[in-house]
Amino acid sequence: MNIKPLGGRILVEPVKEGEVKKGGIIIPDAAREKPQEGLVVALGTGKLNENGETVAFNVKEGDRVLMPKYGGTEVKYDDKEYQIMREEDLLAIIG
Amino acid sequence: MNIKPLGGRILVEPVKEGEVKKGGIIIPDAAREKPQEGLVVALGTGKLNENGETVAFNVKEGDRVLMPKYGGTEVKYDDKEYQIMREEDLLAIIG
Amino acid sequence: MNIKPLGGRILVEPVKEGEVKKGGIIIPDAAREKPQEGLVVALGTGKLNENGETVAFNVKEGDRVLMPKYGGTEVKYDDKEYQIMREEDLLAIIG
Amino acid sequence: MNIKPLGGRILVEPVKEGEVKKGGIIIPDAAREKPQEGLVVALGTGKLNENGETVAFNVKEGDRVLMPKYGGTEVKYDDKEYQIMREEDLLAIIG
Amino acid sequence: MNIKPLGGRILVEPVKEGEVKKGGIIIPDAAREKPQEGLVVALGTGKLNENGETVAFNVKEGDRVLMPKYGGTEVKYDDKEYQIMREEDLLAIIG
Amino acid sequence: MNIKPLGGRILVEPVKEGEVKKGGIIIPDAAREKPQEGLVVALGTGKLNENGETVAFNVKEGDRVLMPKYGGTEVKYDDKEYQIMREEDLLAIIG
Amino acid sequence: MNIKPLGGRILVEPVKEGEVKKGGIIIPDAAREKPQEGLVVALGTGKLNENGETVAFNVKEGDRVLMPKYGGTEVKYDDKEYQIMREEDLLAIIG
């Protein structure tokens, strides 16, 4: 993977609906903000706290995460679609 | 339960109206913001204060809480519905 | 009382108009934001300052307070109505 | 006086127009935000700075002040009208 | 002068157009925000920095200043018009 | 290059679509916020953290970056078009 | 020059279009926010960081700068037009 997110951002590959595992997250129709499953494929160059100190990410490459559907920026690379978003916008780790 | 909320978020399972205990919270019709009862089913990976230090959650798994109805993100897992929200948005512990 | 407000929140039982003592607060008709009398019935789990340190509440259970009418969340419990609101939104102690 | 404002709030009794002293403040018609004269009748329980430390009020009981007309909350007590507002919203001390 | 501005506020007497010195500031018609000349007639009770420490004012009584026309509150006293505004809203010292 | 961005800003030369390398980022049509590839041609005079201390930039001259299409200010110099934007608005380094 | 900008402000004399040097910045028609060339003619009384400490300006008198066209306040003095704006709103030094 040759996309390196900057700062506290991460790169996530959304899981296509047909590929969602049984027992996985299904978003109810009435949800006002639709979360979406994805795989973490790259962490940013460094996440900083309020004091400008580097802090550890809470997710790691390969984690299956729940993310807000419209919280990031869509990019397409080698015909695959990704989302770049800040780690603090992720909702949960699934697994 | 295999959904681990990130950061200061928690996972809450809303209590269905038919299951609300006698003497429980009933939301008046005229309420502008409707709170809702729920059960805490999972705490986040860690709640941080302004200085980036980890602080304890005020609720624990199993707590019956009062939460704003539209303050979180709805997720559905194994046919159960949950809310993921930040702990500071919870209103009160009941019980 | 088995509702424990979270964080810096408090639980207040509004005083019904017929019960307002003589010489009590009467809200003028032209008021843009109508304050309302109430009794403090429960304090939150802990109020924090900007540095995340616990600080004392300025009100205590039993205090008669003046609160903004629409500054909190209405809850009903055992047929009584309450307001849950942050202590810093209370206007004054009366009495 | 048995109204104790909370935190950095103060209680002010507006001076009625007929009672404004000669040479007092007169608000020009074209003013976009109309200030109003008042008397400080009670200080709050304590004013805090950004670090949560108590700091002195700049006004004291009895001060004649200039306040924004719509910056506070109107309350009526024993047939007198008052304004409760934060001290930092007061404009000036007169006299 | 018996108007004492509070906190970091200052009292300014606008210079009437007919009194603007030759070579003074003339506001172009197309200006989106019209600045106005004025004389500083009183400084506030004390200007605080982010840490709540008192810091010196950058202007002194008698300074001729350039101020935004609608950045303050108009007051009239003994038939003279003034503006009360925060010092950080002043644009420049002229002279 | 004789344009020196100020503070934490950088100067980026957008990569024209015809010049995007094979396997490069292609922005999907449905993207709400369209990112764009560019080359970093100049770093700012210095990037500061919350405490006013200079911190290193995460990108360097020559880096191929992914940037939000409308996050900066367009400038034209010697018939070339550039974007000046804050480094924290860049999304990722590519390569 | 007898206009002394206050605080972190600077005084800039916009360069008229006919005087822009060859090879200078030309603003593309489609630019959403049009930057403009100017000459720094006066620095403010002092620029402060978040902690209220004085910090050096990044520009000096005589610098040719790129500034947002509508980021400051227009003033006219001795028939010359100037812009007063905060230094952090300047985009770049040219030359």
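This is a predicted model: local features need pLDDT of at least 70, side-chain atom pairs count only at pLDDT 80 or more; totals for chains, interfaces and linings use all residues.
Which residue forms a salt bridge with K47(C), and how far apart are the closest N and O atoms?

**Figure 1. The salt bridge between E87(C) and K47(C).** E87(C) is the partner of K47(C), and the closest N and O atoms of the pair are 2.4 Å apart. Because E87(C) belongs to the loop between β9 (80-86) and β10 (92-94) of chain C and K47(C) to strand β5 (residues 47-48) of chain C, the pair ties together parts that are 40 residues apart in sequence. E87(C) is buried, as its relative accessibility is 3%. K47(C) is likewise buried, its relative accessible area being 14%; the cut-off for a buried residue is under 20%. Side chains of opposite charge can pair when their charged atoms come close.

**Figure 2. The salt bridge between E87(G) and K47(G).** In chain G, the side chains of E87(G) and K47(G) meet with an N to O distance of 2.4 Å. E87(G) is placed in the loop between β9 (80-86) and β10 (92-94) of chain G, and K47(G) in strand β5 (residues 47-48) of chain G, so this pair ties together parts 40 residues apart in sequence. The relative accessible area of E87(G) is 3%, and the residue therefore counts as buried. K47(G) has a relative accessible area of 13% and is buried as well.

**Figure 3. The salt bridge between E87(A) and K47(A), with the setting of chain A.** The closest N and O atoms of E87(A) and K47(A) are 2.4 Å apart. The pair links distant parts of the chain, with E87(A) in the loop between β9 (80-86) and β10 (92-94) of chain A and K47(A) in strand β5 (residues 47-48) of chain A, 40 residues apart. Both E87(A) and K47(A) are buried. Over all chains, the structure holds 21 salt bridges. Chain A contains 10 strands and 0 helices, and 52% of its 95 residues count as buried. Among the contacts in chain A with a separation of 6 or more, 67% come from residues 24 or more positions apart. The chain exposes about 4,800 Å², of which carbon and sulfur atoms supply 46%.

**Figure 4. Strand β7 of chain F and its pairing strands.** Strand β7 (residues 64-68) of chain F is mostly covered, with 5 of its 5 residues buried. R64(F), L66(F) and P68(F) point one way from β7(F), whereas V65(F) and M67(F) point the other way. Strand β4 (residues 35-43) of chain F runs antiparallel to β7(F) and is joined to it by 5 bridges; within β7(F), M67(F) is the bridge partner of Q36(F). β7(F) also pairs with β10(F) in the antiparallel sense, over 3 bridges. The bridge partner of L66(F) in β10(F) is A92(F).

**Figure 5. The surroundings of L90(F).** L90(F) occupies the loop between β9 (80-86) and β10 (92-94) of chain F. Its relative accessibility is 0%, so L90(F) counts as buried. Beyond its neighbours within four places in sequence, L90(F) is in contact with L6(A) and R9(A) of chain A, and with I10(F), V59(F), V65(F), L66(F), M67(F), P68(F) and M85(F) of chain F. The C-alpha atoms of L90(F) and R64(F) are separated by 11 Å, and these residues are 26 residues apart along the chain.

Methods: Residues are numbered from 1 along each chain as its sequence is written. Chains are lettered from A and ligands numbered from 1 in the order in which they are written. Side-chain values use heavy atoms; hydrogens and water are left out. Helices (H or I, at least four residues) and strands (E, at least two) are DSSP runs, numbered from the N terminus. Buried means under 20% relative accessible area, exposed over 50%, partly exposed in between (1.4 Å probe, protein chains only). Contact means heavy atoms within 4.5 Å. Accessible areas come from the Shrake-Rupley method with a 1.4 Å probe; for residues, only the protein chains shown count as cover. A salt bridge is a side-chain nitrogen of Lys or Arg within 4 Å of a carboxyl oxygen of Asp or Glu. Two strands pair if DSSP finds at least two bridges between them.
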